[in-house]
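Dear colleague,

I am handing over the structure below, and I would be glad if you could look through it with the notes that follow beside you.

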Amino acid sequence: MNIFRLIGDLSHLFAIIILLLKIWKTRSCAGISGRSQILFAIVFSTRYLDLFTHYISLYNTLMKIFYLVSSYGTIYLMYFKFKATYDRNHDTFRVEFLLIPAAVLALLINHDFDVLEILWTFSIYLEAVAILPQLFMVSKTGEAESITSHYLFALGAYRGFYILNWIYRYYSEGFYDLIAILAGIVQTVLYCDFFYLYITKVLKGQKFSLPA
């Protein structure tokens, strides 16, 4: 494992911990898109079906378990324990517009026409756009809490470092996965406007809000 993947994994881990702590400490999931969290749970579920059949390393196994448990734990907190604080009125993105294209692409463009491979490919395509309901929710409300902004920034940083990981692996190992690279680039591009506002506002102590 290279340093870029490690930092990317830690950024992803940090983002999830920020989200869970935010919900638990405030006893509220206000400002968080439940639809994005459901999409992330689908991403991890379809990607890690090999959890008990294909062992790579202890680190890899523990990370898979953490992603699965934390994603479903977040859904439980949002839709059951703190459901009264969930803002359904602003979380209205039509997720079928993401699920169906990702499924079709996975069937058409994959490395091998095998069930597990197609599901893995589907998870890669879906992860690239799973954050859209959250970004759409922020655009509807026009603002986001600082802690939510930190969560989104850490998620975006995770994908950015994974692109550097792929570049590093290409030059050091001669290995590349075009599907993962292109999906990662799409996902990172989706964060560009958010990154700009985060750097120019949140890091300066100002509230994250979209320009009027």
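The lining of the largest cavity draws at least two residues from each of α1, α2, α3 and α7, where helices are DSSP runs of H or I with at least four residues, strands are runs of E with at least two, and both are numbered from the N terminus. This is a predicted model, in which local features need pLDDT of at least 70 and side-chain atom pairs count only at pLDDT 80 or more, while totals for chains, interfaces and linings use all residues. Residues are numbered from 1 along each chain as its sequence is written, and side-chain values use heavy atoms, with hydrogens and water left out.

A cavity here is a set of points, on a 1 Å grid over the protein atoms alone, where a 1.4 Å probe fits but cannot get out, whereas a pocket is an open set with protein on both sides within 12 Å along at least five of seven lines; lining residues have an atom within 4 Å of a point. Grid points are joined across faces, edges and corners, and a volume is the space filled by probe spheres set on the points. By this rule there is one cavity of 30 Å³ or more, and the largest cavity has a volume of about 100 Å³. Its lining includes His 12, Phe 44, Thr 74 and Tyr 151, and by class it holds six nonpolar, five polar and no charged residues. In these classes Ala, Val, Leu, Ile, Met, Phe, Trp, Tyr, Cys and Pro count as nonpolar, Asp, Glu, Lys and Arg as charged, and the others, Gly among them, as polar.

Tyr 48, which lies in the loop between α2 and α3, is buried, with a relative accessible area of 14% (buried means under 20%, exposed over 50% and partly exposed in between, with a 1.4 Å probe and protein chains only). Tyr 48 also forms one aromatic cluster with Phe 44, Phe 66 and Tyr 67.

There are 15 aromatic pairs in the model, where rings of Phe, Tyr and Trp (its six-membered ring) pair if their centres lie within 6.5 Å, and planes under 30 degrees apart count as stacked, over 60 as edge-to-face and the rest as tilted. Tyr 76 and Phe 80 count as stacked because their ring centres are 6.0 Å apart and their planes are at 20 degrees; both residues lie in helix α3, four residues apart, about one turn of the helix. Tyr 76 is partly exposed at 44% relative accessibility, and Phe 80 is exposed at 56%.

Arg 27, in the loop between α1 and α2, has a positive phi of about 55 degrees although it is not a glycine. Most residues other than glycine have a negative phi. The charged end of Arg 27 sits over the ring of Trp 24, 4.6 Å from its centre, the criterion being that NZ of Lys or CZ of Arg is within 6 Å of the ring centre and within 35 degrees of the ring normal.

With best wishes
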